[in-house]
Structures are given as C-alpha cells and as structure tokens.
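Here's a quick tour of a model, with a few spots to look at along the way. Have the structure open and follow along.

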Amino acid sequence: MKIFVTGASGYIGGSVAALLAGKGHVVRGLVRSTAKAEGVRATGVEPVIGTLDDAALLTAEAQAADAVINAADSDHQGAVKALLTGLAGSGKPFIHTSGSSLVGDEAMGEPSDAIFTEETPVKPEPDKEHRVALNRRIIDAAPGVRSIVLCNSLIYGHTLGAPAQSVQIPPLVAQAKESGIARYIGRGLNIWSNVHIADMADLYLLALEKAPAGSFYYVENGEAAFGDLVRAIAGALGLGEARSWPAEDAIARWGRELAVFALGSNSRVRADKARRELDWRPTRTSVIDWVAAELDR
Ligand SMILES: NC(=O)c1ccc[n+]([C@@H]2O[C@H](COP(=O)([O-])OP(=O)(O)OC[C@H]3O[C@@H](n4cnc5c(N)ncnc54)[C@H](OP(=O)(O)O)[C@@H]3O)[C@@H](O)[C@H]2O)c1
C-alpha cells in the first residue's frame, strides 16, 4: 500500500510510519524541518517537506495515496479538511489520531469514578469541545472516506521511529531531573488510562486493515494514578520520596494545557471495542514496570 503519514518526525506518527515501512508498505511522511528529514528517511519513510497549513500539498498527497494516517496534531482542523478533500469519494482509509483528554476533567490530582467506553456520552470541558467536534466531522466523512478515529490514552515506551518523545511522562521526568524532586499534582490520585507505543502502533495497522467506515475507538491497556507513576519515576531516577505540588506551581511550570488536561486530570477509558472488533491483543508491560525497567536515567 502507498500510505501518507503526517507527524512522521513525531512520536506517534514516526512510530506508525516506521512500523508500516518495516512491513513493506511504501510510506511517505510529512516533515516540517529539513533537519529531521534524514532521521525519518533512515526509518524507511520518504520525507515530504511541508506543514499542516499547506492545504494543496496535503490534498495532493492524500489523492496519490491508498491510505492516510494523520498523527501530527489531534486538533488541526485545516489539515483534516485538506486530507479529507483529497480522499473524498474514494472509500480509502483515513486514520485520525485523537487523544483521551477529551473525556478529561479539571480534578487537579483528585480521583474520579467516571469510566468511558465508546458508548458513554461525552460532555467535554470547554477547552476540549473543538476536539470532540473535529472527531465528529471525521466520522461523518464516511462512507465516502473509510474514516477512523483512534483516541489514544497516555502513551509510554520508546519510539519505534526517528528520535521523539511522548507528551506526559517526559515533562514529569524533566522536572524531576532538574529539581531533584519528582512531583505529582495535588494528592496525585487522578488516574489516566495508558498504552505502550508498540501496542498502539499494532492497533493502527489493524485499524488500517479492517476498521469499518466512520468508526471510533479508545486505545488503552491499563491505568495508573499519577501519584503512583511519579513515585515510580522517583524510584527509577534514584531520587527521594515523590512530593505533591500545588496546582499553581504545576501550571507555572508546565502551562495550563499540560498541567490541567494532561497531568492533573482523570481520563479513564476502555478499549474493549478494539479488542473485540479488531482482534487487538496488546502484550507489552505496564507503565509502572516500564518506568522501573526502561526509563532513560
Ligand atoms: N503522546 C501521547 O501520549 C498522545 C496521546 C494522545 C494524543 N496525542 C496527540 O497526538 C498528536 C501527536 O502526538 P505525539 O506524541 O506524536 O507528538 P509529537 O512527538 O510532538 O509529534 C508531532 C509531530 O507532528 C509534527 N507537527 C506538529 N505540528 C505540525 C505542523 N503544523 N506542520 C507539520 N508538522 C507538524 C511535529 O513536527 P516537529 O518534529 O517538527 O515538531 C512532529 O513530528 C498530538 O496532538 C498529541 O496531543 C498524544
């Protein structure tokens, strides 16, 4: 298959693109800096220099491809529009990468019992309404496009592609290394579902093969409270006891989007639908075990 991937120099897109290339697909990947192009090429992916705002380029690449995977940005409306324009009426697959902060709250370290399956209605926080609306537009592009939304939870593990890092664990680690104190927000009782990058990438391949038009799947294989995760980071780095951080200090360090929606919130989803419909069998180690054994020191 000829597959166009956006975010090919990134963590998700780079991992999926490298896996696809390794399976013998012809993969072209959007890269916005020439500096990163060679690293992407080294993973077997042909770099296409451009940005998500180059609508004509995205439409032309989508038209020329047998399938498109959008993994650069869960919220970029213009890129989605341009890619869907290129695929319109073809029935070809379009996988969009979303993120489960769309079910997140503003708990700042407090726990929640709310657990979401694909059938659970979502009433997003105002900051996340646009993400839910974009996913809806993508699902509604079926059946002219075989559109699929994969809604990832916290992803951990080393990239399968060119050098890149995930969104949540690396800033916790960077803060801990710099200050010598690993910090969680508030009481650290907030819980996120999570998935290993290699299991996630396997699901992209399965979705490409057999997910039906207009489908939506959560992606997870377990969950952990941030307090436990940060204690594991402290242990792996050989630091003392992890400590609580007040919300305002966390926001000052990480910014509102990251502190509130990615590190202080609850986002508990279940991926039974992907296991059932796509025969997805995630096998990798839990996030706590991964941090203990494989985190870069
Ligand atoms: N990692 C997670 O745990 C996770 C979970 C759920 C959802 N998500 C969401 O999924 C998306 C991708 O996440 P990621 O972890 O793969 O992030 P990442 O490592 O930062 O990768 C994003 C990639 O997209 C590229 N990109 C960003 N904006 C672009 C633009 N305007 N034009 C062209 N290329 C652009 C980046 O290019 P450069 O290399 O030049 O920066 C990078 O290659 C994000 O929206 C993220 O919020 C992530």
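How many bridges join strand β2 to strand β3, and do the two run parallel or antiparallel?

Strand β2 (residues 26–31) is joined to strand β3 (residues 46–49) by four bridges, and the two run parallel. Keep in mind that this is a predicted model.

## The nonpolar core

Now for the inside. The largest nonpolar core has 97 residues. Those with the most contacts inside it are Val-16, Leu-83, Leu-150, Tyr-204, Val-219 and Ile-233. Helix α1 (residues 11–22) gives this core its largest share, eight residues.

Tyr-204 is a handy place to start looking around. Leaving aside residues up to four places away in sequence, Tyr-204 touches Val-16, Ile-69, Ile-95 and Leu-150.

## Around the ligand

Helix α1 turns up again here, with three residues, the largest share of the shell around the ligand. At least two shell residues each come from α1, β5 (93–99) and β7 (154–156).

There are 25 residues around the ligand, and the ones that come nearest are Gly-7, Gly-10, Ala-72, Gly-99 and Ile-155. By type, the shell divides into ten nonpolar, twelve polar and three charged residues.

Most residues other than glycine have a negative phi, and most peptide bonds are trans. A few places in this model are worth a look with that in mind. The peptide bond from Ala-142 to Pro-143 is cis, with omega near 5 degrees. You'll find Pro-143 in the loop between α5 (129–139) and β6 (146–152).

Then there are two non-glycine residues to check. Met-108 has a positive phi of about 45 degrees and lies in the loop between β5 and α5. Asp-279 has a positive phi of about 60 degrees, and its place is in the loop between α11 (272–278) and α12 (287–294). Which of them is buried and which exposed? Met-108 counts as buried because it has 20 C-beta neighbours inside 10 Å, where 20 or more is the cut-off. Asp-279 has 9 such neighbours inside 10 Å, so Asp-279 counts as exposed.

Terms used. Residues are numbered from 1 along each chain as its sequence is written. This is a predicted model: local features need pLDDT of at least 70, side-chain atom pairs count only at pLDDT 80 or more; totals for chains, interfaces and linings use all residues. A nonpolar core is a set of buried Ala, Val, Leu, Ile, Met, Phe, Trp, Tyr and Cys residues joined through C-beta atoms within 7 Å. A residue is buried if 20 or more other C-beta atoms lie within 10 Å of its own, exposed if 12 or fewer, and partly exposed in between; C-beta atoms are placed from the backbone. Two residues are in contact if their C-beta atoms, placed from the backbone, lie within 7 Å. A residue is near a molecule or strand if its C-beta atom, placed from the backbone, lies within 6 Å of it. Ala, Val, Leu, Ile, Met, Phe, Trp, Tyr, Cys and Pro count as nonpolar, Asp, Glu, Lys and Arg as charged, and the others, Gly among them, as polar. Two strands pair if DSSP finds at least two bridges between them.
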